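Hello,

Here is the structure I promised to pass on to you. Please have a look at it first, and then read my notes below.

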Amino acid sequence: DKEGHKHFMAKEIAEQPTVIAEAIRAYLPSGSDEVRLPGEGLDFGQVDRLTMVACGTAYFACLTAKYWFEQLARIPVEVDIASEFRYREPPIPDRTVALFVSQSGETADTLAALRYCEGKADKIVSVVNVPESSIARESQLALEIHAGVEIGVASTKAFTCQLSVLLMLALKAAQDRGTLTPEQIADHLSALRGLPALLNAALDQEDAIRTAAQKLSEARDVLFLGRGAMYPLAHEGALKLKEISYIHAEAYASGELKHGPIALIDKHMPVVVMAPRDALFDKSISNMQEVMARKGKVLLISDDDGIAEAQDGVWSTVRMPHAHPSLTPILYAVPAQLLAYHTAVAKGTDVDQPRNLAKSVTVE
Ligand code: M6R
């Protein structure tokens, strides 16, 4: 049941404030001043290293979480694509936690990577949407993301629920390792409790995003740029656009622009810049100006302060609410999803069943 929406994808995008509120409640009960894990849980005080493995959108969730685990909990993190990891057979040092992220819990490569880690990693943890799935059953600790059934082939609410659970896990790691003060943890947790309201405010920008998408639907290629945790999100935005609109899209770390992709920029090339007004903002904006100097068309996604400072000469803007820096990768997923969605609708593609794709990739 699409509940009045034209597509399951639209319904699943709109559900995000509700399902994320549920995911947050599951690990951060109301009134609690710390993150709690089910069962025996996990003591990050005993962990020296985290290896995260996944495919597709779940892989980009892992890449985003790397920033959180490193910055908040000071844990070295490696992130791998499951199909590479399983055949590379990397050494797994002592005191490593292996973490597998999968919406379906049945992705063949991710499951094979998990099996490779059995007996080698100190603990096998998964972040899954389907609790009775193979990946959940075969891990020692399965953390549910509480997204509810996801039908659209392009993953949306599962991605942001994965991110929310991973952020809480990183905060748990910071608690265990004492890398943040109790006040800092409290600050993060109170920001997190405000996330559903921020997501609603992001969803309110749908009209502006639809207008931008109409213009984007005429492009042949689109570039997504971001810095810090916005960089993996740029990848996710590009993947969503490719999957459902069939427009070629690529993501680059803004700082890499000069090292090659700037050669592509001309008046036909829309460039989506995801840049909240954070510590890296000035750097991102200077990259954005390099794009505009070569007549690239910039779609800037930022907050009020960012847009006020940097909107001169940009092609289009999308306004996000101001948010705590740890939340922006989750929040900015919404305009990335809506941009892909409305571009696909403008092109008339089959949004929920894009060509050549399956919801769950259970064979190699
Ligand atoms: O079920 P999983 O999370 O393991 O699936 C991984 C990928 O196949 C999946 O995220 C895929 O990239 C989606 N179509 C992305 O929208």
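Let me begin with Val-363, which is found in the segment after helix H15 (333–347); helices here are DSSP runs of H or I with at least four residues, strands are runs of E with at least two, and both are numbered from the N terminus. Val-363 is exposed, because its relative accessible area is 60% and exposed means over 50%, buried under 20% and partly exposed in between, with a 1.4 Å probe and protein chains only.

A word on the background before we go on. This is a predicted model, in which local features need pLDDT of at least 70 and side-chain atom pairs count only at pLDDT 80 or more, while totals for chains, interfaces and linings use all residues. Residues are numbered from 1 along each chain as its sequence is written, and side-chain values use heavy atoms, with hydrogens and water left out.

Now to the ligand. Where does the ligand sit? The ligand is in the largest pocket. A pocket is found on a 1 Å grid over the protein atoms alone, as an open set of points with protein on both sides within 12 Å along at least five of seven lines, and a molecule sits in it if more than half of its atoms lie within 2 Å of its grid points.

There are 13 residues around the ligand, and Ser-102, Gln-103, Ser-104, Thr-107 and Glu-243 come nearest; a residue is near if one of its heavy atoms lies within 4 Å of the molecule. By class, this shell has 7 polar, 4 nonpolar and 2 charged residues. Here Ala, Val, Leu, Ile, Met, Phe, Trp, Tyr, Cys and Pro count as nonpolar, Asp, Glu, Lys and Arg as charged, and the others, Gly among them, as polar. Helix H3 (56–73) and helix H11 (230–245) each supply at least two residues of the shell, and H3 gives the largest share, 3 residues.

- Thr-107: an N or O atom of the side chain is 2.5 Å from an oxygen atom of the ligand.
- Ser-104: a polar side-chain atom lies 2.7 Å from a ligand oxygen atom.
- Ser-155: here a polar backbone atom is 2.9 Å from an oxygen atom of the ligand.

Taken alone, the ligand exposes 420 Å², and the protein buries 90% of that; these areas come from the Shrake-Rupley method with a 1.4 Å probe.

Glu-243 and His-342 are 99 residues apart in sequence, and 13 Å apart from C-alpha to C-alpha.

Finally, the backbone. Most residues other than glycine have a negative phi. Glu-3, which is not a glycine, has a positive phi of about 50°. Glu-3 is in the segment before helix H1 (8–14) and is exposed at 52% relative accessibility. His-146, not a glycine either, has a positive phi of about 60°. You will find His-146 in the loop between strand S5 (141–144) and helix H7 (157–177), partly exposed with a relative accessible area of 25%.

Best wishes

How values were computed. Polar contact = N/O pair within 3.5 Å; in protein donor to acceptor, adjacent residues only side chain to side chain. 1 Å grid on protein atoms, 1.4 Å probe; cavity = no way out; pocket = protein on both sides within 12 Å on 5 of 7 lines; lining within 4 Å.
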